[in-house]
Amino acid sequence: MADTTACDTLWSNTRLATMAGEGLGIVEDGLVAAKDGRILYAGPADGAPAFDADMEIDCDGRWITPGLIDCHTHLVHAGTRANEWAMRLEGATYEEIARAGGGIVSTMRATRAASEAELVATALPRLDALLAEGVTTVEVKSGYGLTVEDELKMLRAARALGEERHVRIATTLLGAHALPPEYAGRADDYVDLVRDAMIPAAVGLADAVDAFCEGIGFSPVQTDRVLHAARAAGLPVKLHAEQLSALHGSSLAAHHGALSADHLEYADEADARAMAAAGTVAVLLPGAFYFMRETKRPPVDLFRAAGVPIALATDCNPGTSPTTSLLLMLNMGATLFRLTVTEALRGVTVHAARALGLAHEIGTLEAGKACDLAVWNISEPAELVYRIGFTPLFSRVKDGLCC
């Protein structure tokens, strides 16, 4: 009898988009074998090892991709800003709404008032919507508490989501998101709080540190202080940059070896070169671009020319991107930003994994990585980018378990 390799689960009679190497890594007649939550084999059935599987799943020709990764969300928050959206449709400006107590301050007040359990409960439906589209990893930022304790509360709530659902949660401290009212006119003092108290307190709860480097956020000098403190604490960094203005925050992020710089509508060639040299991923957020009716697209051609990896994410948040559909972001990335099908799909798998510092663990179908899969009722991978308002997920697999 020929030697066999024991495995827990074998997915057979399937087509694969492994995302390994360049392109989509297509395998027309493939197998995926998993043991103890890790991929043992993902590749052609022809020439594959003989597996002795506890369970074999005949996929009947369905496609398997890596589990999708939403690498930029503000999933945990309280309250809604739907009324502000209605006011804007009727002609109110952002400044008028802010003066009336709206904007980020509105979400901050609701989030401060909410308990940790309430934050978890309100975030779960948003998370469930992502999971229903084949998402197996979600990054969740804080940033609506803006005190040490409230930011920690948000991070704890984000971690709790991973206990309530079978999903990998990556947490990011975004204490430098906005200036809370009690620090009005004292932005440097608030940055001191973030640097000296918030970041040290978040070690062990946060996987990374982010900041909002914009004219309406924090200056490059202030942002630099936050990123320095994060790195001194041993935490990797990310950055909201170049969404509304050209402050070269993305170059600053690259200087700090950031995992990603996000938004990037106003990034230029120098920013792209700096990001490429640092290996910093460009995370594009078409939901915010669409919702805010922006017209300046991120410089995708510059990123391509420089060799900057491009990821896509929902930016799920109550003010500027109230979406929980990563599949919709695939279509928007293609239609609004002119990404190719390959770029879009790699943007929610392999490059999204890089944006979280998890490329060694997830993002491709390769032996040794976590067995996070999405099994699809589609005729070809392009269908995931092409269709709108349709979820063709057949099954979601996290750590080798269907869920």
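How close do the axes of helix 6 and helix 7 come, and at what angle do they cross? They come within 9 Å and cross at roughly 10 degrees. The model is predicted, so local features need pLDDT of at least 70 and side-chain atom pairs count only at pLDDT 80 or more, while totals for chains, interfaces and linings use all residues. Residues are numbered from 1 along each chain as its sequence is written, and side-chain values use heavy atoms, with hydrogens and water left out.

**Terms for helices and strands**

- Helices (H or I, at least four residues) and strands (E, at least two) are DSSP runs, numbered from the N terminus.
- Axes are lines fitted to C-alpha atoms, for helices over the stretch in contact, and angles run from 0 to 180 degrees between N-to-C directions.

**Helix 6 and helix 7**

- The crossing at roughly 10 degrees makes helix 6 roughly parallel to helix 7 (angles under 35 degrees count as roughly parallel, over 145 as roughly antiparallel, 65 to 115 as roughly perpendicular and the rest as oblique).
- Helix 6 contributes A187, D188, V191, D192, V194, R195 and I199 to the contact, and helix 7 contributes Q222, R225, V226, A229 and A230 (contact means heavy atoms within 4.5 Å).
- These residues divide into 7 nonpolar, 1 polar and 4 charged (Ala, Val, Leu, Ile, Met, Phe, Trp, Tyr, Cys and Pro count as nonpolar, Asp, Glu, Lys and Arg as charged, and the others, Gly among them, as polar).

**Helix 6 itself**

- Helix 6 (residues 187–202) has a kink of about 35 degrees centred on V194 (the bend at a residue is the angle between axes fitted to the seven residues ending there and the seven starting there).
- Y190, V191, V194, M198, I199 and A202 of helix 6 are buried (under 20% relative accessible area, with exposed over 50% and partly exposed in between, for a 1.4 Å probe and protein chains only).
- The buried residues of helix 6 pack against helix 5, strand 8 (168–176), strand 9 (208–213) and helix 7 (220–232).
- Just after helix 6, G204 has a positive phi of about 100 degrees.

**Helix 5 and its partners**

- Helix 5 packs with helix 6 at an angle of about 35 degrees, and their axes are 10 Å apart.
- The contact joins V148, E151, L152 and L155 of helix 5 to L193, A197, M198, A201 and A202 of helix 6.
- By class, that contact of helix 5 with helix 6 has 8 nonpolar, no polar and 1 charged residue.
- The axes of helix 4 (residues 116–131) and helix 5 (residues 148–164) come within 9 Å and cross at roughly 50 degrees.
- That angle makes helix 4 oblique to helix 5.
- On helix 4 the contact uses E116, L119, V120, A123, L124 and L127, and on helix 5 it uses K153, M154, R156, A157, A160, L161 and E164.
- The contact of helix 4 with helix 5 consists of 9 nonpolar, no polar and 4 charged residues.

**Loop residues**

- Most residues other than glycine have a negative phi.
- D60, in the loop between strand 4 (51–58) and strand 5 (63–66), has a positive phi near 55 degrees.
- D60 is exposed, with a relative accessible area of 59%.
- D315, in the loop between strand 13 (310–312) and helix 12 (326–337), also has a positive phi, of about 55 degrees.
- D315 is buried, at a relative accessible area of 2%.
- T18 lies in the loop between strand 1 (5–17) and strand 2 (26–35), and its 7% relative accessibility counts as buried.
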